[in-house]
Amino acid sequence: MSLAANTSGNRMALTGNESVAFAMKQINPDVVAAYPITPQTEIVQIFSSYVADGDVDTVFERVESEHSAMSAVVGAAAAGARSMTATSANGLALMWEVLYIAASNRLPIVMPVVNRALSGPINIHCDHSDTMGARDSGWIQLYSETAQEAYDNTLQAIRIAEHPDVELPVMVCQDGFIISHALDNLYTLDDAEVQGFIGSRTPTYSLLDVDNPATFGPLDLQDWYFEHKRQQAEGMKNALDVIPAVAEEYGKLSGRDYGFFEEYMMDDADIVMMVIGSTAGTAKDVVDAMREEGHKVGLLKIRVFRPLPVAQLVRALRGKKAVAIMDRAESFAASGGPLYKEIRSALFDCEKAPMTSNYIYGLGGRDIGPEDLRKVFEQSLAAAKAGHVEQPVTYLGVRE
Amino acid sequence: MTNSESRGCEKWETPSPDATWRDVPRGGVIPRGGNAAEYETGDWRSSRPVYDGEVCIQCRLCWIYCPDSAIATNEEGEVTGIDYDHCKGCGICAVECPKDGAMVMVAEEL
Ligand code: SF4
Ligand code: SF4
């Protein structure tokens, strides 16, 4: 996100969880079904107080598990309702089966996810193992660096999910505790501006449209299942057009511009660090410090991971000397983390492709400081100079 | 009388043979209701309920409990037999039937 001169709105001090709960209040969804889990709990707890106080018109379903929460919003979304829930880590894992059903039934559910390490060993702190595991579930994934971005992404997610060319569910991710529980100074829109921006939902099919009855989720075997999956893939491709269009409109309204990714000091950079989430903040400071020392380093922060904007990423990275790809998740492939794999693959056909290296960091909330990130840049500078990467995959910040 | 007639269900038309992924309704939705009647679930039955109208006391418990709406009824709602196109042979009707001999499960010849 970059702030344009005309950034406007109401200044508020909110944590990541509070900013998302506030966005949900302004969205005023028809149905929210939720189950608490750390560090997401506050979102639905705060939202439930909006319900109790009559600030929203939402039907709030307190269900007995995340599997039920996702099932309930699937039913509500099929009925034509604007439906939301929120979760983290093991709660997301318990939703797993139904995540795929939501996406394949083309239900535009919006779900804030507060990233937390997926057990075990049991751990409540931030990494991206939960949503990275869900990367093939058919959900669009937006990642946020700050509470401001979590707020802005939540509002845009409604428009992206419900767009007639897309009709897919969206996860809006933010880092557990680091963002969810830390106070940020941010801008919010007026309620009327939000309502004007999101409009109302017009579902293609609705269970409650009794004049046009429809059957949802029927058996779909060898004869048409493949066609439906192909169609679903097209929805994800279409999101590559819809996401920037929604961002442009949102930018005009808010003064805050969003791309598929944010580029920081990238224009003349030789060495690039690619990162997702809150670590981008620390990385920008390191870029600034190393720029002062004369190093041509830059940062690329991924906002949209699903769909992966391959063409745009290749354009941004073409001609760079080295890219250090930071994964806050281990995929246990014995060959690097998920972001690394996808970026490396995207660069395969790129002329003048940079060399790549992978750093797995911050698992289970392990702190990552400027000195760690400086090490990454220094190793990448050395690799660029030597012409080869000595160690493709490095565990950064683990006791060796 | 079949169940599909009693619900006034129109026959669901499958997409034409030259239809592509672009043509099928999104998300696997069938843009019509009541079409479960078009899918015959009686194919894999290993035993069948046999109904005896002479013994039946018309309590309609079988009709209430049948999970496949496979108990056939007349316009007065009285039980008249079994819709074997949809009965999957679960035996619930026979278990719930309070009248000996009115609904009896018999093994299918396979
Ligand atoms: S449950 Fe038995 S007695 Fe009752 S209606 Fe059905 S067949 Fe007849
Ligand atoms: S056997 Fe099961 S499916 Fe068949 S009529 Fe009886 S209850 Fe219905």
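Let's start with what a patch is: it's made of residues with over 30% relative accessible area and no salt bridge, and nonpolar side chains are joined within 5 Å. In this predicted model, A:L219, A:L221, B:Y39 and B:W44 form a nonpolar patch of that kind on the surface. Together they have about 460 Å² of accessible area. Take A:L219 as an example: you'll find this residue in the loop between α7 (191-198) and α8 (225-254) of chain A. A:L219 counts as exposed because its relative accessibility is 60%, and the cut-off for exposed is over 50%.

Now follow chain A to helix α8. The axes of α6(A) (residues 147-162) and α8(A) come within 10 Å and cross at roughly 125 degrees. That angle is why α6(A) is called oblique to α8(A). As for handedness, α6(A) passes α8(A) in a right-handed crossing.

Next, have a look at the backbone of chain A. The peptide bond from A:T38 to A:P39 is cis, with omega near 0 degrees. A:P39 sits in the loop between β3 (31-34) and α2 (41-52) of chain A. The bond from A:G120 to A:P121 is cis too, again with omega near 0 degrees, and A:P121 belongs to the loop between β6 (110-115) and α5 (129-133) of chain A.

B:Q58 counts as partly exposed because its relative accessibility is 28%, and B:R60 is partly exposed with 29%.

Definitions and conventions: Residues numbered from 1 in each chain as written. Chains lettered and ligands numbered in written order. Predicted model: local features only at pLDDT ≥ 70, side-chain atom pairs only at ≥ 80, totals over all residues. Heavy atoms only, no water. Patch = residues over 30% accessible without salt bridge, like charges linked within 9 Å, V, L, I, M, F, W, Y side chains within 5 Å. Areas by Shrake-Rupley, 256 points an atom, 1.4 Å probe, with all protein chains shown as cover. Salt bridge = Lys/Arg side-chain N within 4 Å of Asp/Glu carboxyl O. Helix = DSSP H or I, 4+ residues; strand = E, 2+ residues; numbered from the N terminus. Buried < 20%, exposed > 50% of the residue type's maximum accessible area, 1.4 Å probe, protein only. Axes fitted to C-alpha atoms, helices over the stretch in contact; angles between N-to-C directions. Parallel < 35°, antiparallel > 145°, perpendicular 65-115°, else oblique. Left-handed = near helix turned anticlockwise from the far one by under 90°.
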